[in-house]
Amino acid sequence: MRKGFFISFLFFISVSVIGQKNDVAQLLIPEPVSVTSGTGNFVFTSKTPVHVLSTDASAKRVGEFLSKKIGKVTGYSVPVMVGSKNSEINNGIKLSIIKDESLGDEGYQLKVSAHEISISANKPAGLFYGMQSLFQLMPKEVEADTLVRNVEWNVPVCSIKDYPRFGWRGLMFDVSRHFFGKKDVE
């Protein structure tokens with residue numbers, strides 16, 4: 001009897017340990033290729049700027065969208081600085097276009113430290129997806145359409161690398177199982 005109880009106990013402990021994931025990875029959908037958590041948080045202040053380290057117009061639009069979204073819910077005026085140099089960045093968000101073949105066209109690297117958030121990608125599409133992951137790491141109130149008070153606007157320190165695992169995305173309908181007609185599918 002004791003032996004059976006002990007084996008059952010060990011089984012449940014091992015399942016619970018295996019089932020635990022990195023806290024940051026649990027916040028993100030879909031799950032990134034790699035996530036490393038750190039300690040501490042990046043805290044947004046009224047002086048947090050967005051630096052776009054590229055002259056690409058699409059990268060600038062991503063920076064402006066990020067600035068608007070954060071500014072709307074925090075009430076902060078979030079300036080977008082295009083063409084800033086790395087040495088000028090203090091306590092800000094940095095968007096940069098890099099050359100990393102492992103990321104492909106839609107991949108990104110998101111690095112959050114206590115002093116800076118950095119999103120790097122090969123193309124502006126990757127910057128956009130990195131920005132979406134950043135929103136998932138922020139408090140849920142970031143999705144509001146108006147100013148939200150009494151929220152601590154921070155992001156956990158982490159490093160994320162993500163890219164699509166497949167070159168295409170698709171959807172398969174099983175028309176006979178779900179009884180969709182031709183018109184519904186089209």
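## Starting at the surface: Asn150

Asn150 is exposed, with a relative accessible area of 84%. You'll find Asn150 in the loop between helix H4 (124-137) and E7. Its backbone deserves a look too: phi is near 60 degrees, a positive value in a residue other than glycine. Most residues other than glycine have a negative phi, and most peptide bonds are trans. This is a predicted model, by the way, so every value here is computed from predicted coordinates.

Ile29 and Pro30 are joined by a cis peptide bond, with omega at about -5 degrees. Pro30 sits in the loop between helix H2 (23-27) and E1.

## The overall layout

How many helices and strands are there in the protein? The count is six helices and seven strands. Reading from the N terminus, the elements go α-α-β-β-α-β-β-β-β-α-β-α-α.

Of the 186 residues in the protein, 34% are buried. The exposed surface comes to about 12,200 Å², with carbon and sulfur atoms supplying 57% of it. As for contacts between residues at least 6 apart in sequence, 68% of them join residues at least 24 apart.

## The sheet

What is the strand order in the open sheet? The seven strands are arranged E1-E7-E5-E6-E4-E2-E3, and the pairing is mixed. E1 and strand E3 (80-82) are at the edges with a single partner strand each, so one side of each has no neighbour in the sheet. On average, neighbouring strands of this sheet are turned by 20 degrees against each other, direction ignored. Helix H3 (residues 57-74) packs on the sheet, where it touches E2, E3 and strand E4 (92-97). The direction of H3 makes about 160 degrees with that of E4.

Now for some individual pairings. Strands of a sheet pair through backbone hydrogen bonds, either parallel or antiparallel.

## E4 and its two partners

Strand E4 is largely enclosed by the rest of the structure, because five of its six residues are buried. E4 pairs with E2 in the parallel sense over three bridges, and there Val52 has Leu95 in E4 as its bridge partner. With strand E6 (residues 116-121), E4 also runs parallel, this time joined by six bridges. Gly92 stands opposite Glu116 in E6.

Over in strand E6 is Ala121. Is Ala121 buried or exposed? Ala121 counts as buried, at 0% relative accessibility. Leaving out residues up to four places away in sequence, Ala121 touches Ser96, Ile97, Ile98, Leu103, Gly107, Tyr108, Gly126 and Leu127. Ala121 and Asp100 are 21 residues apart in sequence, with 7.7 Å between their C-alpha atoms.

## The nonpolar core

The largest nonpolar core has 34 residues. Which residues have the most contacts inside it? They are Phe44, Leu66, Leu95, Leu110, Ile117, Met138 and Ile160. Leu95 has already come up as the bridge partner of Val52.

Neighbours within four places in sequence aside, Ile117 is in contact with Phe42, Phe44, Gly92, Ile93, Lys94, Leu110, Lys111, Val112, Leu134 and Val155. Phe44 and Leu110 are among the core residues with the most contacts.

Thr48 belongs to the loop between strand E1 (34-43) and strand E2 (50-52). Even so, Thr48 counts as buried, at 2% relative accessibility. Beyond residues up to four places away in sequence, Thr48 touches Phe42, Val43, Val78, Pro79, Asn91, Gly92 and Ile93.

Ala114 is in the loop between E5 and E6. Ala114 is partly exposed, with a relative accessible area of 39%. Setting aside neighbours within four places in sequence, Ala114 is in contact with Asn41, Phe42 and Val157. The C-alpha atoms of Ala114 and Asn91 are separated by 8.2 Å, while the two residues are 23 apart along the chain. Asn91 is also one of the residues that Thr48 touches.

Definitions and conventions
Residues are numbered from 1 along each chain as its sequence is written. This is a predicted model: local features need pLDDT of at least 70, side-chain atom pairs count only at pLDDT 80 or more; totals for chains, interfaces and linings use all residues. Side-chain values use heavy atoms; hydrogens and water are left out. Helices (H or I, at least four residues) and strands (E, at least two) are DSSP runs, numbered from the N terminus. Buried means under 20% relative accessible area, exposed over 50%, partly exposed in between (1.4 Å probe, protein chains only). Contact means heavy atoms within 4.5 Å. Two strands pair if DSSP finds at least two bridges between them. Axes are lines fitted to C-alpha atoms, for helices over the stretch in contact, and angles run from 0 to 180 degrees between N-to-C directions. A nonpolar core is a set of buried Ala, Val, Leu, Ile, Met, Phe, Trp, Tyr and Cys residues joined through side-chain atoms within 4.5 Å. Accessible areas come from the Shrake-Rupley method with a 1.4 Å probe; for residues, only the protein chains shown count as cover.
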